[in-house]
Amino acid sequence: MKLLDWEVGLDQPFFLICGPCVIESEQLAIDTAGFMKEMTDRLGIPYIYKSSFDKANRSSSKSFRGPGLEEGLRILQKVKDQVGVPVLTDVHEDTPINEVADVVDVMQTPAFLCRQTNFIRKVCEPGIPVNIKKGQFLSPWDMKNVVDKARETGNQNIMVCERGVSFGYNNLVSDMRSLSIMRDTGCPVVYDATHSAQLPGGQGSSSGGLRDVIPVLARAAIAAGVSGVFMESHPNPEVAKCDGPNSFPMYRIEEMLRVMKELDDVVKKAGYIEDSIHEFGKGDLL
């Protein structure tokens, strides 16, 4: 698949989607986008800046959701113009999709909404790339039906994203087999390394998270073979206004990305991922 200026797939280096969960201020957006662009340019990692103007899927109505549509899109446009990076944001059922698509380069659908047929089609209709998150309740092979709905719009720029599956109350686990199974959709597979470490609603009125396991999950996903990695990062996760417990400290991210890049090079150059697709079938993985 051609994603913006890059070819993405199992024979290409992984791309990174990263940034604070939600837009907290214009200055933070400019600073974090600039920091990440400089780092990923140095490492040679294709990069998309992520931050949301509205997070509708909060645990509590009192949780911070973001600056809203108008101010959020203004800030994202400034990030694009001033920093020179492509941008991604979440959209929801009541989002004016065409207005968002005029500004951002990639749209992302929340995991809980992956089975909402009208919503998936509406997001895909503008034709820009869409990252569809797999629901925490959905099997990886069921994502083929979601992708079929998306492609019925004529949009072929579809990615599928694993973010963990519910394992009892307030807990998620990652089944790394799903990263292979979801290749059957024919879409680039993205792994969300930070929301997979989330403990949904684990703090009562907000979600918790196991930040220390993020590097472990990210390395495992790279070794399993993915086209891209999504993660949320913040200069100071302890004071982040959204998803701080499962955000990775931005000042520590370069070391992790270096290891991921080295591992990605080894796995893809060895050709093991392509061979494994032919060697194993979905039935064997189950």
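Predicted model: local features only at pLDDT ≥ 70, side-chain atom pairs only at ≥ 80, totals over all residues.
View A. Residues are numbered from 1 along each chain as its sequence is written, and side-chain values use heavy atoms, with hydrogens and water left out.

**View B. Lysine 133 over a ring.** Here lysine 133 lies over the face of phenylalanine 230, 4.3 Å from the ring centre. For such a charge over a ring, NZ of Lys or CZ of Arg must be within 6 Å of the ring centre and within 35 degrees of the ring normal.

View C. Look for glutamate 232 in strand 14; helices (H or I, at least four residues) and strands (E, at least two) are DSSP runs, numbered from the N terminus. Glutamate 232 counts as buried because its relative accessibility is 0%, buried being under 20% relative accessible area (1.4 Å probe, protein chains only). Its side chain joins that of lysine 50 in a polar contact of 2.7 Å. A polar contact is a pair of N or O atoms within 3.5 Å; within protein, one must be able to donate a hydrogen and the other to accept it, and residues adjacent in sequence count only if both atoms are side-chain atoms. Beyond neighbours within four places in sequence, the contacts of glutamate 232 include Gly19, Cys21, Thr194, His195 and Asp243, with contact meaning heavy atoms within 4.5 Å. Asparagine 246 is 14 residues from glutamate 232 along the chain, and their C-alpha atoms are separated by 7.7 Å.

**View D. Glutamine 198 and its partner.** Glutamine 198 sits in strand 12 (residues 198–199) and counts as buried because its relative accessibility is 8%. Its side chain makes a polar contact of 3.0 Å with the side chain of arginine 163.

**View E. The buried side of helix 7.** In helix 7 (residues 214–224), the buried residues are Ile214, Pro215, Leu217, Ala218, Ala221 and Ile222. They share one side of helix 7 because they cover an arc of only 165 degrees around the axis, taken from the directions from the helix axis to the C-beta atoms. Packed against them are helix 6 (177–181), strand 11 (189–192), strand 14 (228–234), strand 15 (248–249) and helix 8 (253–269). Just after helix 7, glycine 225 has a positive phi of about 100 degrees.

Notes
Buried < 20%, exposed > 50% of the residue type's maximum accessible area, 1.4 Å probe, protein only.
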